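Trainee: Could you show me how to read salt bridges and surface patches in a model like this one?

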Amino acid sequence: MGNIFIILVSTIFINNYVFARFLGICPFLGVSSKMDTATGMGVAVTFVTTLASVVTFIIQKYILDIFEIQYLQTIVFILVIASLVQFVEMAIKKMSPTLYNALGVYLPLITTNCIVLGVAILNIQEGYNLIETIASSVGASLGFFLALVLMAGLREKLELADIPEALKGFPITLIATGLMSIAFAGFAGLV
Amino acid sequence: MNQTVKFVVVLLVFGAVSGGVLAFSNNMTAPIIAERAYEEGIKAYKDLFTDADEVLPIDEEKLAEIKSENTFVQEVFEARKDGEIIGYAFKAKSSGYGGDIITVAAFNLDGTVQGIKVLQNSETPGLGTKIVDEPSYASSFVGKSLTDELVLSPSPSGDNEVQLISGATISSNGVLVGVNGARKAYLNYFTDTPVVEEEEDDRGFGPNGLVFKEADEFVAIDAAKLEEIKANNRFVQEIYEAKQGEETKGYSCWTVSGGYGGEIKTVTGISLDGTITEIRVIENVETPGLGTKIVNDPAFQESFVGKKVANGLVLSPSPVEDNEVLLLSGATVSSEGVLYGVNGAIDAYLNYLSE
Amino acid sequence: MKTSNILKNGLINENAIFVQLIGMCSVLAVSTTAINSIAMGISVIAVLTCSNIFISLLRKVIPDEIRIPVFVIIIATFVTIVDMFLNAYAPDIYSALGIFIPLIVVNCLILARAEAFAYTNGVVASAIDGIGMGLGYTFAITILGIVREILGSGSVFGISLFPESFQPAGIFVAAPGAFILLGILIGIFRTILKKTQAATN
């Protein structure tokens, strides 16, 4: 149980997937400008990541490892993720058309969100069992969610600040992200 | 329906072609990758054992046995010079800050570290990677003794202290855990001094429970009687009655006596039938590797089991009589130190507690 | 489209990193040293060009509705081949790039070019677009890598620039430095681009 806690703290704070591992940057930059889209994206990513990690874990253990075809990992994993995203897209369209419209093009882009594939691969590399895999995926997504929400709050304030022309928009967002990353680096050594 | 079938077929065709191409690539590259990994491992061992002219894997069955009880060890090789084994090299896997760390630890036959090398790591560049970039880390392992577990220190001076890199605590410890894991495997499988695990009495009685396994209750004897005993016996500290249900089965006696390096604390269990149940040396400051055999060599404490207390015990290099216990070679004074304590407990028993 | 236009487009006008702002994850993570950046850049050029060529070649037989999964299969195949060959023939680069080699498959840049260019253009043009975009990516990531290496490790391409006593600012090699420097670089690039475009108008 303690191990699960360590995994969660580590993935959410210490090795935060956005601020420390550089994954999920594109959607992070794209969606973090408004709080409600950030929230919707965070939930969608959490769901897809966790489900994808479980499915890929099972496939790795019972198919790839058994038949010694681990080199097919990349291609199999990404296809699983693409299918899951397709499925989630259809589900959201039915359940909440407003959210579907708000997320717009970012929804299918979850497929190319490095976090989903990154977490799936890292879970295998770290040799986690099923429970640890779930913990790590939930933690990674929550960390992403946290980063999104923090950034959304920050950017709403930045809109009103006086920033040099050249830095307006993404450059200042990146610099702000860098400062946030320094803050998160303070968590190192926590566990 | 036709459309869907067409789509599925197209996808399957692409998938199959892709799979085929990848299988082909894999056949081309996999052997090269495996070969390189093997060569890298051998090279690392050869770099550490500069005198060796041959590095060979140990027997597969022995490796399987080691790996089944030691989760750190991945590979074990023996280093030979002129056909003679001069040491062993272990490839250990442990967890670091950023991921797995693979370390090679080379041990000499005299129980010292020949050297270590970190082969793979995913530590933070500039911080954790100091375990590789700073030569002082690996060099701090050279020549250290394997008698005790290795520990980290900011300024390592002791025989078992290695360098703690500031700013890379977790990484330094990550490597250390792997090396200590290799140490255990080395001591347990390739030397006569296996690692003695810290015994813990799982019923919560402490050392009392260890020397008197049959008892289910320990009661301190009457305080006045203990004072009387202590006034006439300079070794005794505490005495407990060992009971099974309502019946007293014997006594567990704590003594302090003088050893080579300082005080030795021993707990002796004496059964009412006049024999030693077991003893445990619970504290000592004897010389590591020599005097500490009173704890590390199980044969010593085992030689006390079942011995008759009627006339006190004596030391012997080959204890056969029922009043003889093991005299450890190279640890005479330490053995004697323990014996004083045990005989002190026997004295107290014979004069005050037995019928 | 003229060849030189396609190349210029990829390199400058629609530079993946500085203008389109896609494919960032790998840029931030891998640019700790100049060598790693170039290695990553070359890998991306290889995958991007090959996938563009094949997708363009097969564009008539790829049904529109399932084009994305097919793109993904093709791109993933090339990524896996690059992964295997790096592991076999350039192991140092392989371990330096680490998980970001398989992550090339989700580099938005490659999927974007497949969709926006290769699927609707000829083979030669697609190949050149791949090279151009790849070069733009490589250009951006290498500049970032050089700056980070100089500021953070006091060297460039592994060659030490400063005397032993110089203590580089490690933060630039770490995560925060990546974000901040990239932000600044984008700002600089955009300003230069705007000024040159204003000048030509």
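Predicted model: local features only at pLDDT ≥ 70, side-chain atom pairs only at ≥ 80, totals over all residues.

Trainee: How many salt bridges does the structure hold over all chains?

Mentor: In general, side chains of opposite charge can pair when their charged atoms come close. Over all chains there are 12 salt bridges here. In one of them, E75(B) pairs with K91(B), with the closest N and O atoms 3.4 Å apart. This pair links distant parts of the chain, since E75(B) sits in strand β2 and K91(B) in strand β3 of chain B, 16 residues apart.

Trainee: Is K91(B) buried or exposed?

Mentor: K91(B) is buried, because its relative accessible area is 12% and buried means under 20%. E75(B), at 26%, is partly exposed.

Trainee: Which residue of chain C meets R113(C) in a salt bridge?

Mentor: That is D129(C), at 2.9 Å from N to O. R113(C) belongs to helix α7 and D129(C) to helix α8 of chain C. Both R113(C) and D129(C) are buried. In chain B, salt bridges with shared partners join K213(B), E278(B) and R280(B) into one network.

Trainee: And which residues form the nonpolar patch on the surface?

Mentor: L7(C), L11(C), I12(C), I131(C), L135(C) and F139(C) form it, with about 420 Å² of accessible area together. Helices α1 and α8 of chain C each give two or more residues to this patch. L7(C), for example, lies in helix α1 and is partly exposed, at 31% relative accessible area.

Conventions: Residues numbered from 1 in each chain as written. Chains lettered and ligands numbered in written order. Heavy atoms only, no water. Patch = residues over 30% accessible without salt bridge, like charges linked within 9 Å, V, L, I, M, F, W, Y side chains within 5 Å. Areas by Shrake-Rupley, 256 points an atom, 1.4 Å probe, with all protein chains shown as cover. Salt bridge = Lys/Arg side-chain N within 4 Å of Asp/Glu carboxyl O. Helix = DSSP H or I, 4+ residues; strand = E, 2+ residues; numbered from the N terminus. Buried < 20%, exposed > 50% of the residue type's maximum accessible area, 1.4 Å probe, protein only.
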